[in-house]
Amino acid sequence: MSEKASSNKKGSVLIIGGGIGGMQAALDLADSGLKVHLVQKESSIGGMMSALDKTFPTGDCAMCMISPKMVDVGRHLNIDIHSCSEMVGLKGDAGDFTATILKKARYVDPKKCTGCEACVQKCPVTADSEFNQELAKRTAISRRYAQAVPGAVAIDKKGVSPCRIECPAEVNAHAYVTLTARGRFAEALEVVRRNNPFPASCGRVCAHPCESGCRRKDLDDPVSICYLKRFLTDWEDQQGGFKKPVLPAEKLEKIAVIGSGPAGMTCARDLALKGYQVTVFEKMSVAGGMLSLAIPGYRLPKDVVKKEIDTILAHDIEIKYNQALGRDFTVEDLKKQGYQSVYIAVGTQKAIRMPVPGDKEPEGIYDCLDFLRKANMGETVTVGNKVVVIGGGNVAVDVALTAKRLGGKDVKMVCLEKCDEMPAHEWELEQVREEGIAIDNSWGMDKLRIENNKVTGLDVKRCVSVFDENKRFSPKYDECALNFFEADTIIFAIGMGVDTSFKKGIEGLDLMPNGRIKADPITYQTNVEGVFAGGDSVSGPSTIIQAIAAGIQAAESIDRFLRGKDLVVDRHKLTEREKYTKDLEGIKKSPRKRMPMLSVAEREGNFQEVALGFSEADAIEEASRCLSCAGCCECMMCVAECQAKAINHEMIAEENIDLNIGAVILAPGLDKYDPKVRGELGFGRWPNVVTSLQFERILSASGPYQGVVTRPGDKKHPIKIAWIQCVGSRDKHNANPWCSSVCCMYATKQAVIAKEHDKRIEPTIFYMDMRAYGKDFDKYVERAKNEYGVRYLRTMVSAVREEPGTTDLNLRYALEDGSLVNETFDLVVLSVGLEPHKDAAKLGEICGIEMSNYLFPKTSTFEPVDSSRPGIFVTGTYQGPKDIPETVMQGSAVASQSMALLGEVRWTETIKKELPPERDISGEEPRLGVFVCSCGINIAGTVDVARVVEAVKDIPNVVHVENTLYTCSQDSQEKIKQLIKEKGINRVLVASCTPRTHTPLFQDTIREAGLNKYLFELADIREQCSWCHMGQREEATKKAIWLVKMMIAKVKLLQPIQTETVGVTPRCLVIGGGVAGMTTALSVADQGFDVHIVERDRELGGLARNLYYTLDGSDVQAFLRSRITQVTNHPRISVHTNVEVQNTDGFVGNFQTVLTDGTEIDHGTIIITTGGVQYQPTEYLYNESDNVITQHELEKKIFDGLQPQANERYVMIQCVGSREEPNQYCSRICCQDAIKNAIEIKERNPKAQVAILYRDMRTYGLREDYYAKARDLGVLFVRYDVDKKPQVEKSGNKLRIRTWDYLLNKELVMDADWVVLSTGLRPHPTTEKVGQLYKVTRNPDGYFLEAHVKLRPVDFPSEGIFVSGLAHAPKNLDETISQALAAAGRAGVVLSHERLAVSGLIAKQKRELCMSCLSCMRICPFGSPYIDEDGKVSHNEIKCHGCGLCAGICPAKAFQVNGFRDDQMLAMIDAAAEREEDGVIN
Amino acid sequence: MATVAEAPAKEAASSVEKPHDIPEDFKPNILALACHYCAFAAADLAGVMRLTYPTGVKVIRMPCTGRLDHIYVLRAFEKGVDGVFVAG
């Protein structure tokens, strides 16, 4: 506050994890003047709680509770959420740390994203929804769940899919396959054409490296990517063909492209798309290069190529046929004609062949190019009966198959390579074999035999190897192994080279020795300025897709060249990005769709296309085999859809930022156990075995089945549901040895809620011990049993099997008497335990804190939230397994610890908005500004927004109406501000989305324009109109008009509301001086506030004075002594012993208390820690035998040095005075006390005998270890039931105990030297009095009732009063300390303010109307109405929460709620009743 | 008070309007008075999940259903609203 920081401490705190614990800490800290950085790994906060349906034991909706908290965190001025981020480094010391945060790209700007989800509708990629536990799908661009904070969507982008990375032209196979799978063919084809103007050709003859990359090949077969392209063009043809694209209006320079093959045409098209004027010069009379000339029609029909060329030429590209460079024109000529750049892509037009003896060309000899060109152009080619094709590549295959079609009877391929070395693709060779063409491998040509100028055959010699050790072409022959092939036709298909005749047309162009053009491998620039080259004439014979790739790059270079840009910089290649390899586990095999083909007979003698094409259904089915490897496919459909321009796929994937902070809070939470480890339970194998978290989603109204209890396997409604407990817990062989603490209760809750959803459901819970140890938990379990009929079976299930022929499940288990039972259930829920997530250890390492063997941070009983490194605090389930309220408590506890560390630097890093003075609108007529939002298409897509504007524009007092695209966008906000000033608007209505999230934003906007923020309202025409009435444009528009009119009626009546503030006395009163009281007092005092402790005893210490050691062996008395010394020596703490509170007056921030000794204290907060007492037993001969003692008496004996004798018998009886009426609750501490003392006895003398008679051993959490240890030490555990309690009787000088043993199924009789009673806890007798004093309620057991059992575990409904320790409920010492710290943290939030603001939305009392009937006093839950000094009812507005109960009940209408006044509500009702047409009932 | 209580039931009933026949295409105008924290939030969620209901249902937000005054319900019926739904 006013104290200025003199140290180096930083007034900010880093919190890792935005679950409920992290959020609680963030809100407490930010509200108390410390800046908070909240780091969240996922794209939104909320943690595990946000995925839950309901919570135990109240059955409240988890989302309803957590959502407002998330909104508070999301819009807090002093909480920065770093989503998609992790901490990767931490340096420094307590008070001054530097943390390095790795931020991953969201690919969406959260400031621009309005959360409209228009992009989500467009995204074709689906993946299992992590949030819905894989029971539903989500899109690649998505919001984790509807209520997520931040609300901006995020893109799941894992890298680049392998299919894409393999394609040299970077054609986005992932995207077009995905779009095809969704039936979105036009968009798919658009994606193909971005990088490939030859989809029809490539869809037939591409070498498809994409398929070689396809991840699916590692599972079964690659997706038939190539043929899908062809399907798309077939489909386009059916739809009427290609439509001419819109080209840039402004035309750029002229460019000449020489050669109309794939490289040239691609380059030409890309340049044309950029606006260049392109002319293509082609030597031949047809365009297409090898596509037209070399590839036979049965593979690639010529009309297909022609159509493709025409499509490209439709980009305003001119083509000149029969124009050869060097023959008909030169580059110099082109320059003269105004061409600014030239691209040479003349290809390889010269076939290599063997020299023929003699000068005359003998008959029957062809080269492949000549042969194929002639065949393709329809010229006459004579083929004899015996044809030998020399060569083993794809061209040789084409030649052989063509020769066959031209009448070759006996066609043979002869090649150098061995069968498996042949360069031809396997699928090409397949066709060769299919059509009966022989292949003779490993022969090298020796010489041709010519007779009468006619070829008669070929002499060959054995080729022993083709390649040398460097894999270079270097054939070696066995000159002795000779052969002869008779032939009347011989066709050479052994390679092609560049026909360099073009060289004459360009002076000084550098060529390579083999005749290829020398060009830069990246830019394709030649040595001649402005001349670029590519395709086969640069690379040598290659594939079409390589040529296309070269064309793309050349176009890029030419554009850069002409625009004067650097040719190399920022030429991003896909291969520079990380390839993502998808995990194939759990993916089912599905066969590849086979392309229908002409039969071999049908192919004979003709050039009909062999491949027949996919049908629409085939294409969709085949495309659906795609695994969507890398998440987002980058089809960019979302970018086009986002009208807010928030999506940016180019964001830097990862970056590091440094944060300077004073303290670190670790709240990353836990992971859940993977039940697949326990294969016998069938998870992952049987579809109707689900995890408990999946069942939460099944129950959730916003889950995959919208809250209808449905089993995933067949979507039937299950009747018999089994829960199997301890899956992953209490099991050191397969899982974690400790207890997960929450499963017994959540299973009970799930059973109850399932039953509430569907009465027919019959739930059964299989368990070991029912650990209902928390406040009111036992009552809940009893209710589940008795009222809901939940069946509890104390046995473990040995195996789950699916009933053959059904998807029902057979469970095998043993009853307590040992008999085996098989029972069938419809659904099995595995109550999976919690466990540290895989990053837990890494996080510990980064922070330099010690971890336990179980990978929890090391903490101690007395310092439960402190890590081993000062300034780093741990909380929630990261600290140990626990439920929601304990997590929330620890959230406030770590906040308190941080405040104690950084108290003096509060308010040093926080920000406060400077605002202009408010305009006085009194006396002004209402002047309404109405903004009707389109929300992109979210509203406008359903509601006719123009009609809404029209319908309300003439309403009196409305001075401005307009339609805005996104009203919440920055520019719209500025416009609103400007219009307020220009038009003198004094009330603003926005018709858009829900007021629950957007009201504060607009309130801030109008406040910045000088209007009181309560002069604003929102009409919800999105969530409550356009979204729920989609497809009903007329009706939805009418409703929207109605809603806006209703709201206008209200807005006219809005009045400015002035909020007041009250001062705060920075002092705290703590009632009770036990461990809770002292701990809370110390923490508050360390934060820098004065504290008064009031203790009715003569000394401090409370119940802990009777404790000597803890389960983990810590010395309680030593701790207590040191704590008492700390308290009594603390300069800010005053201790008042031997007194009680006489009375307290006042309200939050301003309490006045008088003690029984007359001391008067002014203070701002109260913390009640009145503690509990030990139950004094009357049962089991306690008062009749000296050898019947309580656990505490035994503990004292042990502490005093008890030495147990060999064979001395101790029998402990649990639940004495607990878990039965009238004390139907678990005292939580007794099981551990028994274990603790039993272990101590056994360790002192292993021969002493200890038996524990128990109902359920409730050694929850990490305490389970000690239970196991006690068993290992030989402590005997015998279970009893409450209706068959043990009998204790005297037997001589011993005691005799009779109890029923359920395992042996008979009565057990034991003699004992000592009977030790584990007695429960009771609230302190003063609790009742204190409760009355502060008007705070207690539960039926007498413990104080907190404001909310889940999210406000230390607050009371009355502000400024807090509770902790045994006064709240029975708990252990570490839990008491956590809660005491939490209360200190909550108190710190109040005390750190000089003044507290009173909410504007509160009830206002017109005192002159009040008749003091006291109705309001009776009904107000917050105690704000009170009897004033005049004896009449007055209203304390500081306590008011604005619920309006008083206004509803007041017969005199003396109370009105701001913003919800009667006149406003009635105006809305009246407007709602006005109908456009008369009602149908007259 | 006694006279009212003793009035013959038949007579009392006769003073009440006869129920109307409901035409087939009847689209009722229904007002939902909803608590800001739960029912109004649920109405929003219905939209988020694209669940549909008749367009005649219009939600009025209240700070808590405790704020409900019986006058609101009576006023709505008096003005011809066909149904009132209080949710909280």
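Welcome! Start by selecting Ala175(A): because its relative accessibility is 0%, Ala175(A) counts as buried (buried means under 20% relative accessible area, exposed over 50%, and partly exposed in between, with a 1.4 Å probe and protein chains only). Before moving on, note that this is a predicted model, where local features need pLDDT of at least 70, side-chain atom pairs count only at pLDDT 80 or more, and totals for chains, interfaces and linings use all residues. Residues are numbered from 1 along each chain as its sequence is written, chains are lettered from A and ligands numbered from 1 in the order in which they are written, and side-chain values use heavy atoms, leaving out hydrogens and water.

**Stop 1: around Ala175(A)**

Colour helix α5 (residues 173–181) of chain A, where Ala175(A) is found. Helices (H or I, at least four residues) and strands (E, at least two) are DSSP runs, numbered from the N terminus. Which residues touch Ala175(A), leaving aside its neighbours within four places in sequence? Show Val191(A), Cys633(A) and Cys635(A), which are in contact with Ala175(A); contact means heavy atoms within 4.5 Å.

**Stop 2: a sheet in chain A**

Next, select the open sheet of five strands, in the order β45-β44-β43-β49-β60 (chain A), with parallel pairing. Two strands pair if DSSP finds at least two bridges between them. At the edges you will find β45 (1133–1137) and β60 (1361–1363) of chain A, each pairing on one side only.

Zoom in on β43 (residues 1067–1071) and β44 (residues 1090–1095) of chain A, a parallel pair with five bridges. Here Cys1068(A) has Val1091(A) in β44(A) as its bridge partner.

Now show helix α32 (residues 1075–1086) of chain A, which lies across β43, β44, β45 and β49 (1165–1168) of chain A and runs at about 165 degrees to β44(A). Axes are lines fitted to C-alpha atoms, for helices over the stretch in contact, and angles run from 0 to 180 degrees between N-to-C directions.

**Stop 3: Leu1414(A)**

Move to the loop between β62 (1403–1405) and α39 (1415–1419) of chain A, where Leu1414(A) sits. Leu1414(A) counts as partly exposed because its relative accessibility is 31%.

**Stop 4: chain B**

Finally, select chain B, which has four helices and three strands. Along the sequence they follow the pattern α-α-β-α-β-α-β. Of the 88 residues in chain B, 38% are buried.
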